[in-house]
Amino acid sequence: MPYLGGEQTVRELRRALSNPNVQTDHLRYRNTIHRVIRLNPELSLLVINTLRKDCSDHNPMVRSLALRNMCNLRLPGLLQYVQQPLTVGLKDKAACVRRVAVLGWAKIHTLQPNTEMDVAVVNELYGMLRDPDPVVMVNCLRALEEILQEEGGVAINKPIAHHLLNRLKLCDVWGQSEVLAVLQRYRPRSEDELFDILSLLDHALLSHHAPVMAATLRLFLSLCSTLPAVCMSALERARGPLLAAAGSASRELRYAALCHIQLLLRSEPGLMGEHYKRFFCGYAEPPYIKQNKMQVLVELVNDENVAMVLDELRGYCTDVNTETSQTAINAIGGIGRSYSDRCLAILTGLLGLKQEHITSAVLQTLRDLVWVCPQCGDAVCSALEGWDDKLQDSQVVILAVAARCLRRQNLLRHRTQMGRGLAYCIEEEVDMCVRDQALLYYRLLHCGIEEVRRVLQGGRRSDPSLGPLIGRPPEPISQWASSFNTLEPLTLRASTVGNSDPATPNPLTPNPEPMTSTPGDPHLPDCSSGALSLSVSPALSPEEFERLWLQLEKGACLEVCVACPVPRCSPESLQVALRLVNIQTLAFTPPNTHPWRVDHQGDLAVGHQLGNPVIEQAEAVRQTSSLNSD
Amino acid sequence: MISQLFILSSKGDHLIYKDFRCEAGSDAVNKFYEMVTALTGDQPPVVMKHKELHFVHIKQGGLYWVATTKADASPFTIIEFLNRLTALVKDYCGCLSEKSVRMNFALIYELLDEVVDFGYIQTTSTDILKNFIQTEAVSSKPFSLFDLSNVGLFGADTQQNKVAPSAAATRPIMSSQGEQGGKNEIFVDVIERMSVVIGANGVLMKADIEGEIRVKCYMPSCSEMRIGLNEEFSIGKSQLSGYGAAVHVDECSFHQAVRLDEFDTYRILKVCPSQGEQTVMQYQLCDDLPTAPPFRLFPSIERDSGGRLLMYLKLRCDLPPKSAAINVSITIPVPKGSLRLSQELSSPDQSAELQPKNKAVHWEIPRFPGGAQLSALFKLEVPGLSAASLQEVGPVSLSFELPKYTCTGLQIRFLRLSPIQPGPSQRWVRYVTHSDSYTIRI
């Protein structure tokens, strides 16, 4: 910026202001005014007079410029000069002047917030919502929002709402998202009206402009807060555009989309399942995007893609950026809660790299894994063979104690050594968290090995994949709907995703599925007793089962309803949860697949366990079919 | 709503500062720079908060473009707006750089005045803005020998006359009848970005293409343009036809100004381009490349008896023989602590170097013709090399540019302006494929 102080400039400006030729030159004129105000408030009267004169210029561009500059002055006592041109400006025949005039009233209001706003002006502004120019309409909304802030913003009644909805297509992207935001306050009177509005907005959900899509989805979520099924189908409709935004050329937009996808996944974990490849990291992406993508990937793992996802995550573990590699290792640990064998193989393989930051991240992950999934104890213990010399590291000590206690092997030989190690940790460790854990194990060890085992195995702790069975339900949409399309998801690191708190034990009963069944299929054992039992050896081979199933006539099937604590879990997550408690399914049908046809009611049970019990996915099927019929 | 907007250079110089609502002090700029430089890399830097003020920023052209807001605004709107603003500045100033922003500060202030009023976005369309923006861009163009390459011997037409000079599309949209100005040019670019993951066994694990058709128009008024795409262009999985040569994309979206009445039958897009750059069509293709991926790697990695790491890499380019990849740069992660690199490359124009900070070997190939195969032998001295260290080698990532080539096969059949423009007008069609992320696992 050039230097603007000094006598000479002021003189020059004074000359310029009184020169009629300068006033036709927009840029210099504009700069002149700004300089004058900044330098010398005494000159402002001169400026205001010039501007007032220009407000009645024949050229609309000059009028709008003058009006805008006058409103931007932010001088006390401006109101008396500017009121008249603003009132005239509202009725100007050029749209660009009206745009400026409407916002001008908002500026005046913020300049003097205590002065009572003229009712006539407010009414005029309400009337101008019907202005033919879409920007004027949107500006009216904005101005009314500011002026009526204390009364809760602009009042949206039925005619206004419908007028705005019908004019929506005329606005540009920015206007549309603003109007959609204002419309959130409107509550339709009847269900019919609601659905009319929804169908009017439906196409906007697919908009490839991210702002419009996000604003529409937010509006959908707020309008249908009592209709979860509609919300779900809206989420599914918006999935495509959201994924497109997550792959857009602009990194910042990618990040915003990823943060919002994480929100969505909190309620609908199965939403992005088949699109997991979209969340593979590009090598040139900044670390914060990579880390977000990994958090999403952990959520998307299922039987079919687990190998691919782990393969991909394995590649990130040796990333140059240490934080990225740590996140990758943690992500593998997160997946390890449901697929422990594969993940343990990768994690122990990483120990071989003998790089400090990797080793420490791996040890930390293993420690958490042993705490959450005691069945990993064995594998961890064998991976730690030959680490005796490293017993200086607190992480190793804690891990070794936990693993060996679980294995119940060579305990006598190691007991004193472990105790000494723990005592060393308690003395030396600076990290409070680790020290506390060492202290816990030390005290437990005092009570005896069996006690440690009992505590460690006492209860399987909360586990995201067990959610469908042990009832950590996905959050209802209303939990996060209010923060959708706000800055909040971007400022908060979504740290809750994928990390359950290992400190809160959530014991799992051995047979948690209360199942009810209706008898009906002659080919299958009678289960009218209500509770289904598991069989160790399958009564049918999968091929036989399929043959029998296909022979079944329509309607002659067994329908079992599982009272699942989570109302809307996807069949995939149910299956993952069952695997965790070592229940294998004999047959499994993804939704919308032939030949497992769904009857017209959509209440068909199609999943089968090893022999017995029968797990159904009626719930899931009903979901999909009701969405299809919507 | 936006409270302030400012542009900072990467060193923290204030280039542009505009306060729309006087809600926050101007010290916010310094505060922002402090915060952004204090980031450790783990924190997501797009949105930051200081007291009541949210900073949303994007980084483009080496500059920070920052908007601050006090209200709870939509992040998508602000980020998209900042992106649009950079595009506008690029259109009006020719290119995005610290220098061009510095030289055109007056023009940018003028733009901001028209685009945002009282923190509310008014319009970003060049059609409307062109009535208001009076300042002309100052463009700095150092003398360059390349400009002379278009002039043939004794003024004869060279082959290059038929090719648009690379700098042609980086001039401001508004320039008076000066040297280059007034030239009625229109550029239609088909740009594709591919992200590919190839597994260790050579299987294609992921292949996504995101493409767009971008129109950059320098004509002051252009009534209608018809863009004809391949006739056998199909969208979505359901429309797959039996023809082998069909060009297929999964999803496709259009700019709202595009009229599609002839699209279903003739695959013609009709658009009235406004001045400046705009994306007319965007499309995506997932997991289904019509041709083989452009590069394939055959690595062999071993330890030799002297404890050195031997990497023998054969890289094959599977493009059609007429095409070529340029600016190919290959990054091979190597074990930590690698000390020295000795290399044998198959041709002298290639180069390779070890970057210990990034634990990687960079191998650069300026031009790589289709069908060719290049090889390189790297010998690395790594103290304490163990069998496990070999795991640290890979995945290899490539970045490259494929000029005059689209992976989907999308072509522009014709480009017609109606009515025919008076005076000389030039239409250029350009194709390019960029690697967004091209990874080959070892």
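Biologist: Taking buried as under 20% relative accessible area, exposed as over 50% and partly exposed as in between (1.4 Å probe, protein chains only), where does B:C252 fall?
Modeller: B:C252 is partly exposed, at 21% relative accessible area. This is a predicted model, where local features need pLDDT of at least 70 and side-chain atom pairs pLDDT 80 or more, while totals for chains, interfaces and linings use all residues. Residues are numbered from 1 along each chain as its sequence is written, chains are lettered from A and ligands numbered from 1 in the order written, and side-chain values use heavy atoms, without hydrogens and water.

Biologist: And B:C272?
Modeller: B:C272 is partly exposed too, with 38% relative accessibility.

Biologist: How many disulfides are there over all chains?
Modeller: The count is 0, with a disulfide taken as two cysteine sulfur atoms within 2.5 Å. For B:C252, the nearest cysteine sulfur belongs to B:C286 and lies 13 Å away.

Biologist: Switching to the interface. How many residues does each chain put into the contact?
Modeller: Chain B gives 78 residues and chain A gives 68, contact being heavy atoms within 4.5 Å.

Biologist: What about buried area?
Modeller: About 6,500 Å² is buried between the two chains, 56% of it from carbon and sulfur atoms. That is the accessible area (1.4 Å probe) lost on putting the two parts together, summed over both.

Biologist: How many salt bridges cross it?
Modeller: The rule finds 8 across the interface of chain B and chain A, needing a side-chain nitrogen of Lys or Arg within 4 Å of a carboxyl oxygen of Asp or Glu. One of them pairs A:K107 with B:D117, whose closest N and O atoms are 2.8 Å apart.
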